[in-house]
Each structure stands twice: as C-alpha cells, then as structure tokens.
Amino acid sequence: MWSSSTSYDISFIFIAILLLLLARYLWHIPAYRATMKRFLDKAKSAVHSHDGSHDGGSGFPAQHQQQQQQPMQTDQPSSLQPPTPADVTRYRYHHGTNLGSVFILEKWLTNHMFPPGAPGSSELAAAEAWVKNEGLDAARARFEKHWRDYVSDSDLDWLRDVAKCTTVRLPIGYFTLGPPYCEGTAFKHVSGVYANAWVAVKQLVARCHQRGIGVLIDMHGLPGGANAQEHSGTNSGKAEFWASRGNRDLACRALCFVAHQARGMEGVAGIQLVNEAEGGAKGMYDWYDTALAELAKVDASMPVYVSDAWNLTKAAGWSQGKNALLSRDVNPVVIDTHLYWCFSDADKAKSPPQITDEVRSKLAALDGKDGNIVDHGAAQAVVGEYSCVLAEATWSQGHGTPKEQLVRDFGNAQSQRYQQRAGGSFFWTYRMNWMPGGEWGFKQMTEAHAITAPQALTLTDVGERVRHAQGQQQELRGNAVGAHVGYWDQNHPGQYEHWRFEQGWDVGFSDAAGFFGMRGQGGLPGGDKIGMLDLWVLKRLRESGQAGRFVWEFEQGLRQGVGDFYRSVGV
Ligand SMILES: *[C@@H]1O[C@H](CO)[C@@H](O)[C@H](O)[C@H]1NC(C)=O
C-alpha cells in the first residue's frame, strides 16, 4: 500500500508539472489566452456576487446567489400578458369538493351500484357482478346512467350558487379511458363497460365549466393499485403499482392521453398523477420524474398534482427542484396532501378541541419552503381530501359542548387554515346515497356553516371594490416603492436595480385585479384570489424574462403588489 500510494503521488506531481509547462506554452497563442481570460473573468464575477449586498438577515441566503450563476444572466424579452380565464381556472384558490364514487365506485357511498351479494366493495367488484347478472350491454348502460345522472344539474347549480365552489376534484381510473387501457389488467374482462366512460368524463367537465367550475382530473385508480385500498379500483388489498414496470408504463400512457385530451377541453384545472400513494412507496419520485418528463412533451403549462405519500415535508422539498426558476420544460408541480383525524389511534385519543387546535398549525411543512422562488423554487400544496369526521371516541370527549358546535369549530378551523396556507381544498365528498352526508358530506357541512367559502367569493360589490383599489393604486405603489428603496439603500447600501421592484409591483397589482374581476365577466358574483400564489409567481417570473442578480427585487415587488391589491379591496 505504502509504495503504491507514493508512486501515485509522484506521478501526479509529474503530470501537474507537465500541464503547467503546456499552459505556459499555450499562453503565447492569442486565441487560447482570450478564452482563458474570459474564464477567469467569469470566475471573478462569480466571487463578486457572493459578497453580494443583500445578505445577513435579509432573507436571501447564499443558495440564491449560486442559482444566479446559472445560464440566465441577462434579461430576456417579456412575454407577460394579462391573466386569461384558463389562468384563473388553474391558479385561483380552489374552494371545492371531490365528486367521489362517480367514476370509481365505493360501496359505502353508492350501495345501489352493487347488486345484492356482490362479492366486494370496489369498482371492479361492481362491474364484474353486473356483467355476470345482466350481461355486458345492460351493465354498460347502467354505468353510463350513473356517470350521467348521479351528479345532477341541480347539484352543480348548488355547488356554484350556495357552496361557491370554484373547482371540483374528479377521481377517475385508468379503466375510465376505455378498453385499450384495460389490456393486461384486472379490468380486461369487463373493459366493455368503459367503452364510453371517457366521453362521460368530458361531458361532466363541460357541465362544470358551463357554471364556471373548474375540474381537477384525478387519476385515482392506477393499474395494480398505488395503495391497497378499495378506492384504487379493486379489492385486491395490495399496492402492486410501484414494483411493476408494465403498470408504471401503462399509467404514463394513460396520463398522456388525459393531457392530450385536456388540451382541447375547457375548464381543466389540473391533472393528478396518483391518489394517496402508499407511505414510502418505492421508486415513487423516480416515477414522478418519468411521468413529468412525458407530460411536459404534451403540454408543459398544465399544473400536475402528485401525492405526498403522507409526507408533505419530503414532497414539498422534492417539488422545489421541479419548480425552480431556471427549470425548463417541466409542468408546474402541486403537492396533494390529505388530512384526516378520524383513523389513527393517536387521533382517536384526542378531544375535539385538541384536534381543532392542531388544525390551526397544519401545513407547517411548507414554512420556509414557499414564499421565495428566486432562492429555492416554489412549493405549492393543496388539501385534496379532508372531512369533518372524527371518531366516536373523540366526540365523546366533548365535555358537554353540543356536537353541532364542535363540528362547526373543527370545520371553521379547517376552512380558515387551508385558505390561508394551501392553494385549495377539496372536501371528501359531495355525493352519496345518504345525502346530505353527515360529517362526510360537503352539502351538510356547508349548510351547517362548518365549511365556509373564502370571503372574496361571497362579495356582491366586486366592481365597486376594484374601482376603489384603482383609485388608490398610485398612492399604494408610491408607498411600496418608497419603503423598499428606503429599506435597502439605508440598511444595506450598495448597487440595486429597484426598477425591477416597481415592475414586479405593477404586475402583481394588476394580476390580482385580473383574477378578482374575472368572475364578474362570466356573470358570477364574488371575486377569485390567486390561491396558488407560489406557482403563479414562478410563472410570472419566467414570463417576465427578468434575470441577473436583482431578479429577487422583481419577485418581492410582485408579491407586494398582490398583497396591496387585496388589502385595498379588503379580502
Ligand atoms: C418525511 O420526510 C422527511 C424528509 O425526507 C424525513 O426526515 C421524515 O422522517 C419523514 N417523516 C415521516 C413521518 O416519515
């Protein structure tokens, strides 16, 4: 060992001397010298921006400057346009509910779709039982009727008018896409039932869109099952998706089909890759990478939702890389997290007020991950499922407070917290055979004022408020710019590009106004807020073409312009 490492050292020194001699020789060749000099200048400027002037307690850690050393050093042409209706559909706060057990049946919600004695409680069990009982054609007609009628027009009107829903989450399965996607899967022998299922999805999306309601298309059932539950589509009790190459590839093809179709559909708010991936699912993030790469080729503008597999901290951290300012050709990535307090033994041991208190600090996993895209990318979460259900053991610890009151406190805390900290929330669920659904029912919980719509959606004087804000705009802008410039120039004197802050503020203020006024243009009361703010800021930063060391001033201005608009209209 001794002798070989010594000879290694000696030969290393020898090679180094040779290289030095070679460099000395090359220095006399002008072209080489020019290249070398450019390289040295670049290295120098990198060092300089590390002693940058916005350090120490200013909220701009060192990573930020490192990111600035990557390609985009100079401003590119801006492609900013006013927010479109599709932007609002995708980036507003999603106040919504799931439409569960329409395209993926669950017996506890839709018992009538299971013939007496059906051996199972899942979609597959129902399809098999009806095909056996009444033949393929009758079974297909039965399912088609369910897809068409189970959520009626008056249901959708109620969602729009009373609940003030902006968006619904619509669970589907890979089998919903029809027989070609059932080859080699558990649904092969009943695939004929699904010949017209995708058309039915499109019709439901269109009926929602007619009412100004967007749809998150949620690939809830993946081949093999991404979790072991019946809501994956079968009663296999196994999660066989992750370890099967064939299943993962089929799911990618299915998702690309949906993404292709969505390009020609109005009202699609996003596409979700998978529902409730089992905790610690092996290879999950690799599969997310693969699926995202494929989807970006189809339409990189569509928000793509992924499951956090019950670990929001980890998922949010991963998503920041996807949602980095300099990432290109990748869809905006949203984390779907589910919050229930009725299942675990630990939660059953708690009292209702204890749980309500916990709600108020939920989603803390996002703290320090969102709010600053230039430094570390965007982190955006929605609560894709939640309810007002608590275990009997919990309700019984109410100490005499009427259950109605406890339910309302719990629901109010959830609505408040999610509106403050998430890009949207979707109750589980709207439709069941036992309407209005108790604490599982969006209808009952909305009518009991346990679940509440964002205040902005309930306003009847949006136009007036917008005019008031526009009257204040110049003064607000002056104050914001003055405070920004004053703070940096006094506390951290140095070179800045404060005009970027001004431009950002203008974009933020008018974007917020654009979102807020869009419903009125469609004849709907209320105003939308930019709920998916981190992803919206990311989109605007990319479109602005802003670059260089001071792009953070644009981001700060943008966020402040949005905030100033909301303060001005009082939401
Ligand atoms: C979630 O992920 C984080 C970060 O990877 C890890 O430190 C933590 O232990 C995980 N939590 C659970 C409950 O698995």
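Apart from its neighbours within four places in sequence, Met265 is in contact with Trp198, Lys202, Val205 and Ile217. The structure described here is a predicted model. Met265 lies in the loop that connects helix H9 (245-263) to strand S4 (268-272). Its relative accessibility is 13%, and Met265 therefore counts as buried, the cut-off for this class being under 20%.

Strand S1 (residues 94-98) is mostly covered, with 5 of its 5 residues buried. His94, Gly96 and Asn98 point one way from the strand, whereas His95 and Thr97 point the other way; all are buried. S1 is joined to strand S8 (residues 424-427) by 4 bridges, and the two strands run parallel. In this pairing His94 stands opposite Gly424 of S8. S1 is also joined to strand S2 (residues 167-173), by 3 bridges and again in parallel. Here Asn98 has Arg169 of S2 as its bridge partner.

A helix pair is formed by H19 (residues 499-521) and H21 (residues 551-569), whose axes come within 6 Å and cross at roughly 40 degrees. H19 and H21 are therefore oblique to each other. The crossing in which H19 passes H21 is right-handed. The residues of this contact comprise 14 nonpolar, 7 polar and 4 charged.

How values were computed. Residues are numbered from 1 along each chain as its sequence is written. This is a predicted model: local features need pLDDT of at least 70, side-chain atom pairs count only at pLDDT 80 or more; totals for chains, interfaces and linings use all residues. Side-chain values use heavy atoms; hydrogens and water are left out. Axes are lines fitted to C-alpha atoms, for helices over the stretch in contact, and angles run from 0 to 180 degrees between N-to-C directions. Angles under 35 degrees count as roughly parallel, over 145 as roughly antiparallel, 65 to 115 as roughly perpendicular and the rest as oblique. A crossing is left-handed if the near helix is turned anticlockwise from the far one by less than a right angle, and right-handed if clockwise. Ala, Val, Leu, Ile, Met, Phe, Trp, Tyr, Cys and Pro count as nonpolar, Asp, Glu, Lys and Arg as charged, and the others, Gly among them, as polar. Buried means under 20% relative accessible area, exposed over 50%, partly exposed in between (1.4 Å probe, protein chains only). Contact means heavy atoms within 4.5 Å. Two strands pair if DSSP finds at least two bridges between them.
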